[in-house]
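User: I would like to go through this model step by step, with the terms made clear along the way.

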Amino acid sequence: MKKKICSLLLLGSSLFGCSPFYMEAQNDALMHRESGLYVHREVELRVNAARLTTPPDTVAPGAVSILDASHFTPISVSSAWFDPSKSERRGEFLVWHETIHLPKYAVKGRMSLGATVCWEKEGAVTVKDALEMFPFPRPDITQIDHWTPWVEAGSRREGTFAWHSEVNRHDAENPNRPEYPFQMRFRLVLSQRVYP
């Protein structure tokens, strides 16, 4: 009976009826009820290094490749916290790392990570690979200090303005899988600070 009541509460107006989490309204940040600590999402994004050295046919000779990653919610897009210039080499992969606090959209499972490679050269048109989208599930107690498996994108969009199509919820495109697709994994970590 208690389990059924909890399920109803979670589906109703209170997102945290029986949850181990709650929202701190002042900072729009998720808290862990038992410890009183902030909940952050630690994310690793990786791709075969060849992705950054294999330009599309439309890229100008001598163009430089760089990671371009963004956070998406139903109403906005913002730059991810990855530092494009700071990747770690792990075998054939380049790995980037970020840690973010969890706002209300993340709590509702309505936040995604988008990643692409941007090819730039002064005086030439900037070219972007397909935008690869990674939706995040709602936070769960089992995610604390446990990495998820590496996964590929749930969907993809093409073009320089793929981010605009994603924010405005245009019809899915799902172009062909890249030869060297991005992969993502994450875990939740607890912290005394609201921001990592």
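Analyst: Helices (H or I, at least four residues) and strands (E, at least two) are DSSP runs, numbered from the N terminus. This is a predicted model, in which local features need pLDDT of at least 70 and side-chain atom pairs count only at pLDDT 80 or more, while totals for chains, interfaces and linings use all residues. Residues are numbered from 1 along each chain as its sequence is written, and side-chain values use heavy atoms, with hydrogens and water left out.

User: How many helices and strands does the secondary structure of the chain come to?

Analyst: Counting the runs defined above is enough to settle this. For the chain, the secondary structure comes to three helices and 13 strands.

User: With which residues is T73 in contact, leaving aside its neighbours within four places in sequence?

Analyst: T73 has its place in strand β4 and is buried, with a relative accessible area of 15%. Its side chain is joined to that of S76 by a polar contact of 2.9 Å, a polar contact being a pair of N or O atoms within 3.5 Å, where within protein one must be able to donate a hydrogen and the other to accept it, and residues adjacent in sequence count only if both atoms are side-chain atoms. Contact in general means heavy atoms within 4.5 Å, and on that basis the partners of T73 beyond those neighbours are Y105 and R110.

User: Is R185 buried or exposed, and with which side chain does its own side chain make a polar contact?

Analyst: R185 lies in strand β13, and it counts as buried because its relative accessible area is 18%. Not counting residues up to four places away in sequence, R185 touches E42, V43, E44, R90, W147, T148, P149 and W150. The polar contact, at 2.9 Å, is with the side chain of E44.

User: What is the phi of D28, a residue that is not a glycine?

Analyst: Most residues other than glycine have a negative phi. D28 is found in the loop between β1 (21–24) and β2 (29–32), and is partly exposed, with a relative accessible area of 29%. Its phi is positive, at about 50°.

User: Where does D145 lie?

Analyst: D145 is likewise a residue other than glycine with a positive phi, near 60°. Its place in the chain is the loop between β10 (131–135) and β11 (151–152).

User: How far apart in space are Y22 and Y38, C-alpha to C-alpha?

Analyst: Y22 is found in strand β1 and counts as partly exposed, at 28% relative accessibility. Y22 and Y38 are 16 residues apart in sequence, and their C-alpha to C-alpha distance in space is 9.7 Å.

Key
Buried < 20%, exposed > 50% of the residue type's maximum accessible area, 1.4 Å probe, protein only.
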